[in-house]
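Let's walk through this structure together, one question at a time.

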Amino acid sequence: MPIYRELYFYLFAALADAVDLLERGDAAGARQLLISAQQTAEERIVDAMPEHEE
């Protein structure tokens with residue numbers, strides 16, 4: 001699966017989980033989940049880049 005498609009599904013799932021946390025009143029948990037998902041996605045994009053594109 002191409003990296004962008006894989007990350008789209010990963011981030012979409014994280015967003016859905018964050019919405020669930022917000023609906024339960026856990027704003028801090030939702031915030032942390034979104035920060036973690038953003039960092040993970042960024043790391044995976046950077047790791048997937050060929051050396052000459054950095």
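Q: How many aromatic pairs does the structure hold?
A: Keep in mind that this is a predicted model. Rings pair if their centres lie within 6.5 Å. By that cut-off, the number of aromatic pairs in the structure is two.

Q: What is the geometry of the pair formed by the rings of Y8 and F9?
A: A pair of aromatic rings is described by the distance of the centres and the angle of the planes. For Y8 and F9 the centres are 5.4 Å apart and the planes stand at 75°. Planes over 60 degrees apart count as edge-to-face, so the Y8 and F9 pair is edge-to-face.

Q: Is F9 buried, partly exposed or exposed?
A: Buried means under 20% relative accessible area and exposed means over 50%. The value for F9 is 42%, so F9 is partly exposed.

Q: Where is R31 placed, and is R31 buried or exposed?
A: R31 belongs to helix 2, which covers residues 27-48. Its relative accessible area is 56%, and exposed means over 50%. R31 is therefore exposed.

Q: How far apart in space are R31 and A48?
A: In sequence, 17 residues separate R31 and A48. From C-alpha to C-alpha, their distance in space is 26 Å.

Q: Is the chain a compact globule or more spread out?
A: The chain has two helices and zero strands. Its radius of gyration is 13 Å, whereas the globule rule gives 10 Å for 54 residues. Because 13 Å is well over that value, the chain is more spread out than a compact globule.

Q: What percentage of the residues in the chain is buried?
A: Here a residue counts as buried under 20% relative accessible area. Of the 54 residues in the chain, the buried share is 13%.

Technical notes: Residues are numbered from 1 along each chain as its sequence is written. This is a predicted model: local features need pLDDT of at least 70, side-chain atom pairs count only at pLDDT 80 or more; totals for chains, interfaces and linings use all residues. Side-chain values use heavy atoms; hydrogens and water are left out. Helices (H or I, at least four residues) and strands (E, at least two) are DSSP runs, numbered from the N terminus. Buried means under 20% relative accessible area, exposed over 50%, partly exposed in between (1.4 Å probe, protein chains only). The radius of gyration is taken over C-alpha atoms; the globule rule is 2.2 Å times the number of residues to the power 0.38. Rings of Phe, Tyr and Trp (its six-membered ring) pair if their centres lie within 6.5 Å; planes under 30 degrees apart count as stacked, over 60 as edge-to-face and the rest as tilted.
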